Structures are given as C-alpha cells and as structure tokens.
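The following note sets out numbered points on the model shown below.

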Amino acid sequence: MAEYYLISQLPSLDGIGDNMPLPITEEQFSELCSRFLGKKAQDELENLTLLPPKSNEYSGSALLKAWCESERNLRLSLGKARAEKMKKPFDTGNWVLPMEYIKAASTAIEIDNPMEAEKFLNSYRLKLLEALRPMDNFSEDFVFYYGLRLKLMQRIRQFDADAGETAYRNIYNSILNGDRLEDTV
C-alpha cells in the first residue's frame, strides 16, 4: 500500500526532452522513497546504479536483474565492437552476446561525434529500460524502474559538449605527441 502513496506523488518523466529540466532530482526522489519504502527496498535504491556489478550477483528484483543483464550485454558488445575496430582481441569469456546489442554497439562506434554516440546509447538504454517497465505501476519494481530512468535522464544532462571536446582534443594530442596523459587532463 505504501508504494501507491509514493508513486502517486512522483512527477511523470514521460515526454521530457533532453534539454528540459527534470521535475525531480535524485535527492528528492531518494528522500520521498525513504518515507514510504521498507528497509529492503531502500537498500536496493541506495545501490541502484547504471553500472552493473562485475559479478553476476543481482538483487531480489526481477527488473534489476534484467537491467543488469541488459547493461552488461551492451557494455560487453561495446568493448567487443571497439576492439574489433582497432583490430585487437577482446575476451567476453563465456558470455554470449545477443545480436541486438552487437548491432547497437556497432552503430554507436560508427558515430563520429562522441556526444551524438552518447545520446544514441542513452536513447537505446531508455528503450531497453522501457521494455522492462513493470505492468504494475504501484510495485517496488516500478519504483526501481523510475529510479533507473531518472538516473539515465540525469546522466545525459551532465554532459558538456565543450568540455568533452576539449578533453577529447587533449587526449588525442597527447597520444599523437607521445605526451603523458596526466599532464594534459
């Protein structure tokens, strides 16, 4: 029942463009959740991350398990695609990568502009997350879905194209000039 009161107070994240401010911050979301969720769900929220754990240890949430597997597939596919582009080996271990992730990774690394590649990957992640959206909008899994979506939307807003371009140029020039990377960043 507490999830109902929590979720009914959350502002909608649907239809918000990349340049629009978010209607809630991660801190506000966390504070609101702390008033309505039990200890176990709060612990899950505190550990909510866009980066899947290196081990296959997942939470008790079906949504978080599926998210971690999807994100791991995407990250491994990106590593593999980047390595192939540089003609270097890349070991995925025993992990079998689904073709849809390999295609998305290949598309992303072919985008010349790093910011546009990040936007593509963020959009792809949002679509993956939307496919995992729980049917029950008043469940703990929906709260986790909302938290992940909020993190993804916040992440893309943190990119600064000018700062990224400067960092990219510094790294690129240091490689060409044989400089130490620490001196340029």
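1. Asparagine 19 is exposed, its relative accessible area being 79% (buried means under 20% relative accessible area, exposed over 50%, partly exposed in between, with a 1.4 Å probe and protein chains only). Asparagine 19 sits in the loop between H1 and H2. Its C-alpha lies 7.4 Å from that of arginine 157, although 138 residues separate asparagine 19 and arginine 157 in sequence.

2. This is a predicted model, in which local features need pLDDT of at least 70 and side-chain atom pairs count only at pLDDT 80 or more, while totals for chains, interfaces and linings use all residues. Residues are numbered from 1 along each chain as its sequence is written, and side-chain values use heavy atoms, with hydrogens and water left out.

3. The protein has eight helices and zero strands, and its elements run α-α-α-α-α-α-α-α from the N terminus on. Helices (H or I, at least four residues) and strands (E, at least two) are DSSP runs, numbered from the N terminus. Of the 185 residues, 34% count as buried. Among contacts (heavy atoms within 4.5 Å) with a separation of 6 or more, 62% are between residues 24 or more positions apart.

4. How do helices H1 and H2 cross, and at what angle? The axes of H1 (residues 2-9) and H2 (residues 26-36) come within 9 Å and cross at roughly 155°; axes are lines fitted to C-alpha atoms, for helices over the stretch in contact, and angles run from 0 to 180 degrees between N-to-C directions. H1 and H2 are therefore roughly antiparallel (angles under 35 degrees count as roughly parallel, over 145 as roughly antiparallel, 65 to 115 as roughly perpendicular and the rest as oblique). Their crossing is right-handed: a crossing is left-handed if the near helix is turned anticlockwise from the far one by less than a right angle, and right-handed if clockwise. On the H1 side, Ala2, Tyr5, Leu6 and Gln9 meet Leu32, Cys33 and Phe36 of H2. This contact of H1 with H2 has six nonpolar residues, one polar and no charged (Ala, Val, Leu, Ile, Met, Phe, Trp, Tyr, Cys and Pro count as nonpolar, Asp, Glu, Lys and Arg as charged, and the others, Gly among them, as polar).

5. The axes of H4 and H6 (residues 114-131) come within 10 Å, crossing at roughly 150°. H4 is therefore roughly antiparallel to H6, and the crossing is right-handed. Trp67, Ser70, Glu71, Leu74, Arg75 and Leu78 of H4 meet Leu121, Tyr124, Arg125, Leu128 and Leu129 of H6. By class, the contact of H4 with H6 divides into seven nonpolar, one polar and three charged residues.

6. Asparagine 73 belongs to H4 (residues 62-85) and is buried, with a relative accessible area of 4%. A polar contact of 2.4 Å joins its side chain to that of tryptophan 95; such a contact is a pair of N or O atoms within 3.5 Å, and within protein one must be able to donate a hydrogen and the other to accept it, residues adjacent in sequence counting only if both atoms are side-chain atoms. Neighbours within four places in sequence aside, asparagine 73 is in contact with Trp95, Val96, Leu97, Pro98 and Tyr101.

7. Lysine 87 lies in the loop between H4 and H5 (99-110) and is exposed, at 74% relative accessible area. Lysine 87 is not a glycine, yet has a positive phi of about 55°. Most residues other than glycine have a negative phi.
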